[in-house]
Amino acid sequence: MRVLGVDPGLTRCGVGVVEGAPGRPLRMAGVGVVRTPAEAEIGQRLLLVEQGLESWLDEHRPDLVAVERVFAQHNVRTVMGTAQASAVAMLCATRRGIPVTLHTPSEVKAAVTGSGRADKAQVTAMVQRLLRLGAPPKPADAADALALAICHIWRGGATNRLQAAVQAARTSPLETSSPKGTAPVKGTVR
């Protein structure tokens with residue numbers, strides 16, 4: 001599986017591509033940051049993020065895009081920019097028919113380090129170790145994007161299978177027993 005991780009942001013949008021499967025060695029296929037000038041208008045910045053992400057999608061052709069789920073922060077301006085960049089990433093992938101999944105920061109930290117409360121330095125060190133890199137990926141946004149991709153490879157497959165099973169159980173016909181001599185009753189599990 002090839003996953004493009006996106007750590008959304010307007011000034012620096014981290015991107016990282018990881019290939020692998022649960023229980024197998026992981027390989028980094030690419031890492032970087034899409035940057036936009038802080039003084040540019042919001043529309044122009046979002047367009048630059050879109051163009052940068054489209055370029056990554058063209059070059060790496062991922063099977064899935066994993067985006068950090070936006071959570072409340074104290075700075076409303078920061079959370080708005082992050083949410084807008086996140087929406088651009090989801091739109092770019094969806095337009096191409098590439099599945100998108102969202103992971104919370106604590107879910108990513110737990111998957112990569114074993115602790116949902118790990119700090120950025122711990123996440124970066126584990127990403128470097130797991131991908132067998134000679135140096136830590138920089139900036140932190142790029143390391144976070146790789147961590148998102150790793151998280152999805154390790155956890156996303158199981159989560160997707162569970163969701164599919166629950167959905168199948170909800171929509172599959174259920175045959176119930178009926179009194180002798182009558183036809184079985186068919187229904188839908190709700």
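**Reading the sheet and its surroundings**

Guide: Let us begin with strand pairing: β4 and β5 run parallel and are joined by 4 bridges. Two strands pair if DSSP finds at least two bridges between them. Helices (H or I, at least four residues) and strands (E, at least two) are DSSP runs, numbered from the N terminus. This is a predicted model, in which local features need pLDDT of at least 70 and side-chain atom pairs count only at pLDDT 80 or more, while totals for chains, interfaces and linings use all residues. Residues are numbered from 1 along each chain as its sequence is written, and side-chain values use heavy atoms, with hydrogens and water left out.

Visitor: Which residue of β5 does valine 67 stand opposite?

Guide: Valine 67 stands opposite leucine 102. In β4, valine 67 is also the bridge partner of valine 6, and β1 pairs with β4 in the parallel sense over 4 bridges.

Visitor: In what order do the strands of the sheet lie?

Guide: The open sheet has 5 strands in the order β3-β2-β1-β4-β5, with mixed pairing. Its edge strands, β3 (27-35) and β5 (100-103), each pair on one side only. Neighbouring strands are turned by 20 degrees against each other on average, direction ignored. For such angles, axes are lines fitted to C-alpha atoms, for helices over the stretch in contact, and angles run from 0 to 180 degrees between N-to-C directions. An antiparallel pair is formed by β1 (residues 2-7) and β2 (residues 12-19), joined by 6 bridges; there, aspartate 7 has glycine 14 in β2 as its bridge partner.

Visitor: Which strands does α1 touch as it packs on the sheet?

Guide: Contact means heavy atoms within 4.5 Å. By that criterion α1 touches β1, β2, β3 and β4, and its direction makes about 160 degrees with that of β3. Helix α2 (residues 76-95) also packs on the sheet, touching β1, β4 and β5, at about 170 degrees to the direction of β4.

Visitor: How many residues of β4 are buried?

Guide: In a regular strand, side chains alternate between the two faces of the sheet. Buried means under 20% relative accessible area, exposed over 50%, and partly exposed in between (1.4 Å probe, protein chains only). In β4, 5 of its 5 residues are buried: Leu64, Ala66 and Glu68 on one side, Val65 and Val67 on the other.

Visitor: How many residues make up the largest nonpolar core?

Guide: A nonpolar core is a set of buried Ala, Val, Leu, Ile, Met, Phe, Trp, Tyr and Cys residues joined through side-chain atoms within 4.5 Å. The largest one here has 21 residues, and those with the most contacts inside it are Val18, Val112, Val127, Leu131 and Ile150. At least two residues of this core come from each of β4, α3, α4 and α5, and α5 supplies the largest share, 7 residues. A second, separate core of 17 residues includes Val17, Val34, Leu53 and Cys92.

Visitor: Where does the cis peptide bond lie?

Guide: The cis peptide bond joins lysine 138 and proline 139, with omega about -5 degrees. Proline 139 is in the loop between α4 (120-130) and α5 (140-171). Arginine 132 is exposed, with a relative accessible area of 55%.
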